[in-house]
Amino acid sequence: MNRKIYVLLTDTGTIFTKIIKLFTKKPHNHASIVIDDHFNKVYSFGRRNPRNPFVAGFVQENIRGGLFRNADCAIYCVTITEKQFQKIIAKIREMELHKNKYRYNLIGLIAVMLNLEIDRKNAYFCSHFVAALLEESGIPIKRQKPLSLVTPQDIKESASLELIYEGKLSPYVQNYYHEYCTDRVEVI
């Protein structure tokens, strides 16, 4: 049985993403992985407290409000095997169980801007996390660089992913997801 998972790239318009956007010149600067068709199970490395960008780590994101309320997005889909899906689920569960040992890699994010590889144990920024999760599960990401330097743009350019939506996130999660996913049953 094949499964679908999604990569969600967003621009939330926060000061932090505006700073990143000044450097990248790209429309989407945050990456998340979505493991259900209703977009309830969305994971990334980001703010643990929406009001403080410096308290960050592994998070399950609520994309129906808060920082994501007015976000622009691009949603990509990839069809994977049950075995690949279970690898992703196992890694996410392990991270949830040991959430406190994972931290946001702010130093690594700065290193990306300088094109310096800094791979810290149990430390990720959003696109590093998504790329590592996909690659560890056997889903190749087009890149000519270490995972610790992967950006949302690198993920976007992966031949493994198919763009299914681009625009405001809010209408998609409220209205459109069912158009793409009517053949799936939610698990987890």
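Which element gives the most to the lining of the second largest pocket? I start my notebook with that one.

**Entry 1: ground rules.** I am looking at a predicted model, where local features need pLDDT of at least 70, side-chain atom pairs count only at pLDDT 80 or more, and totals for chains, interfaces and linings use all residues. Residues are numbered from 1 along each chain as its sequence is written, and side-chain values use heavy atoms, with hydrogens and water left out.

**Entry 2: the second largest pocket.** I looked up my opening question and found α5, with 3 residues. Helices here are DSSP runs of H or I with at least four residues, strands are runs of E with at least two, and both are numbered from the N terminus. α1, α3 and α5 (152–156) each supply at least two residues of this lining. I noted a volume of about 180 Å³ for the second largest pocket. A pocket, on a 1 Å grid over the protein atoms alone, is an open set of points with protein on both sides within 12 Å along at least five of seven lines; a cavity is a set where a 1.4 Å probe fits but cannot get out, and lining residues have an atom within 4 Å of a point. Grid points are joined across faces, edges and corners, and a volume is the space filled by probe spheres set on the points. The second largest pocket has 14 lining residues, and Phe23, Thr24, Val112, Lys145 and Thr151 lie nearest its centre.

**Entry 3: the largest pocket.** Here I read a volume of about 560 Å³. I found 34 residues in the lining of the largest pocket, with His30, Phe45, Gly46, Arg47 and Glu61 nearest its centre. Two or more residues come from each of α1 (15–24), β3 (42–49), β4 (52–61), α3 (106–114) and α4 (126–136). Sorted by class, the lining of the largest pocket has 18 nonpolar, 13 polar and 3 charged residues. In this scheme Ala, Val, Leu, Ile, Met, Phe, Trp, Tyr, Cys and Pro are nonpolar, Asp, Glu, Lys and Arg are charged, and the others, Gly among them, are polar.

**Entry 4: the cavity.** I found 1 cavity of 30 Å³ or more. Its lining is made of Lys91, Met95, Tyr124, Phe129, Ala132, Leu133 and Glu136. α4 has the largest share of that lining, 4 residues.

**Entry 5: aromatic rings.** How many aromatic pairs are there? I count 9, where rings of Phe, Tyr and Trp (its six-membered ring) pair if their centres lie within 6.5 Å, and planes under 30 degrees apart are stacked, over 60 edge-to-face and the rest tilted. Tyrosine 6 and phenylalanine 39 make a tilted pair, 5.1 Å centre to centre with 45 degrees between the planes. Tyrosine 6 lies in strand β1 (residues 2–11) and phenylalanine 39 in the loop between β2 (30–34) and β3, so this pair ties together parts 33 residues apart in sequence. Tyrosine 6 is buried at 0% relative accessible area, and phenylalanine 39 is buried at 1%; buried means under 20%, exposed over 50% and partly exposed in between, with a 1.4 Å probe and protein chains only. Tyrosine 43 and phenylalanine 58 are stacked because their ring centres are 5.9 Å apart and their planes at 5 degrees. I also saw that ring pairs link Tyr43, Phe45, Phe58, Tyr124 and Phe129 into a cluster.
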